[in-house]
Amino acid sequence: MTFRLEARHLACERDDRWLFADLDIVVGAGEIVRIEGPNGSGKTTLLKILSGQLTDYQGELYWCDSPMRQVRSDFLANLLYMGHAPGVKAALSPLENLAWYQALAGESGSESARMKALAAVGLTGFEDIPAAQLSAGQQRRIALARLELIERPLWVLDEPFTAIDRDGVAELEQRLLAHARRGGSVLVTTHHDLTSLGELRRIRLGRGVVHAGQ
Ligand SMILES: Nc1ncnc2c1ncn2[C@@H]1O[C@H](COP(=O)(O)OP(=O)(O)OP(=O)(O)O)[C@@H](O)[C@H]1O
């Protein structure tokens, strides 16, 4: 699996303030890259630009060395994006939510695969309970089950550890590591330490000042 997401001279302005400017990013197979910065520094905005959800920016995006606008559907077929809200339908059970995610991804999948994914995130026994009746951490775990269920090489994860307990954080860290070791890559924002992942590539955003680097 070889692939490469690249941003060149990326810049984005909000309310007459540059969130970042002249930002160069390359993410290749097997890499975990952490986007850092204080609240309001532009992490979510950057992830939305990199995942093709926002177009009001300057600079160029490339997927596997081709301009993004020429290969957008190929890029999206390789992307799994998780926003900072869990994106769970409250009236649906965990099993139904996973079927919904699969439908959105253009996949049908089997119930046994969905059960396995829910077991992997600690939701065995809760498969048929409406998500509205589950805790915030359990709802987040439904969303995280996507990482088990839908195979995509590039993960873009905005605060995936929110509401997750300590054991869950450790498990998710290992999941990110395993994905990178299999040749996948991860772009992640988090306020957690991620100590078990060792030295990560970091991109630091600051208030109106850009600190980009390894
Ligand atoms: N659609 C929008 N219109 C105008 N301003 C916006 C919009 N979206 C975000 N902003 C502003 O851009 C700035 C960056 O927001 P963003 O959500 O990217 O920050 P963040 O680093 O992810 O913050 P946090 O750590 O709090 O999640 C904020 O000041 C926000 O108010």
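Which residues are around the ligand? Let me start there: R14, D15, L19, G37, N39, G40, S41, G42, K43, T44 and T45. A residue gets onto that list if its C-beta atom, placed from the backbone, lies within 6 Å of the molecule.

A word on the model before I go on. This is a predicted model, where local features need pLDDT of at least 70 and side-chain atom pairs count only at pLDDT 80 or more, while totals for chains, interfaces and linings use all residues. Numbering runs from 1 along each chain as its sequence is written.

Okay, back to the ligand. By class, its shell has one nonpolar, seven polar and three charged residues. For the classes, Ala, Val, Leu, Ile, Met, Phe, Trp, Tyr, Cys and Pro are nonpolar, Asp, Glu, Lys and Arg are charged, and the others, Gly among them, are polar. The largest share of that shell, three residues, comes from α1.

So, helix α1, residues 43-50. Helices here are DSSP runs of H or I with at least four residues, strands are runs of E with at least two, and both are numbered from the N terminus. In α1, K43, L46, L47, I49 and L50 are buried. Buried means 20 or more other C-beta atoms within 10 Å of the residue's own, exposed means 12 or fewer, and partly exposed is in between, with C-beta atoms placed from the backbone. As a reminder, an α-helix has 3.6 residues a turn, so residues three or four places apart point the same way.

What do the buried residues of α1 pack against? Strands: β1 (4-14), β2 (17-28), β3 (32-36), β7 (154-158), β8 (185-189) and β9 (201-205). A contact here is two C-beta atoms, placed from the backbone, within 7 Å. Just after α1, G52 takes a positive phi of about 80 degrees.

Now the core. The largest nonpolar core has 49 residues, and those with the most contacts inside it are L50, A145, V156 and L187. Helix α5 (residues 136-149) gives the most to this core, with six residues. By nonpolar core I mean a set of buried Ala, Val, Leu, Ile, Met, Phe, Trp, Tyr and Cys residues joined through C-beta atoms within 7 Å. Leaving out residues up to four places away in sequence, L187 touches V27, V33, I35, L47, L50 and V156.

Zooming out, the protein chain has six helices and ten strands. Its radius of gyration, taken over C-alpha atoms, is 17 Å, close to the 17 Å that the globule rule (2.2 Å times the number of residues to the power 0.38) gives for 214 residues, so the chain is as compact as a globular protein of that length. Buried residues make up 34% of the 214.

Most residues other than glycine have a negative phi. D15 has a positive one, near 50 degrees, and is found in the loop between β1 and β2. D15 is exposed, with 5 other C-beta atoms within 10 Å. For D65, phi is near 70 degrees, and its place is the loop between β4 (58-63) and β5 (66-67). D65 counts as exposed too, with 9 C-beta neighbours inside 10 Å.
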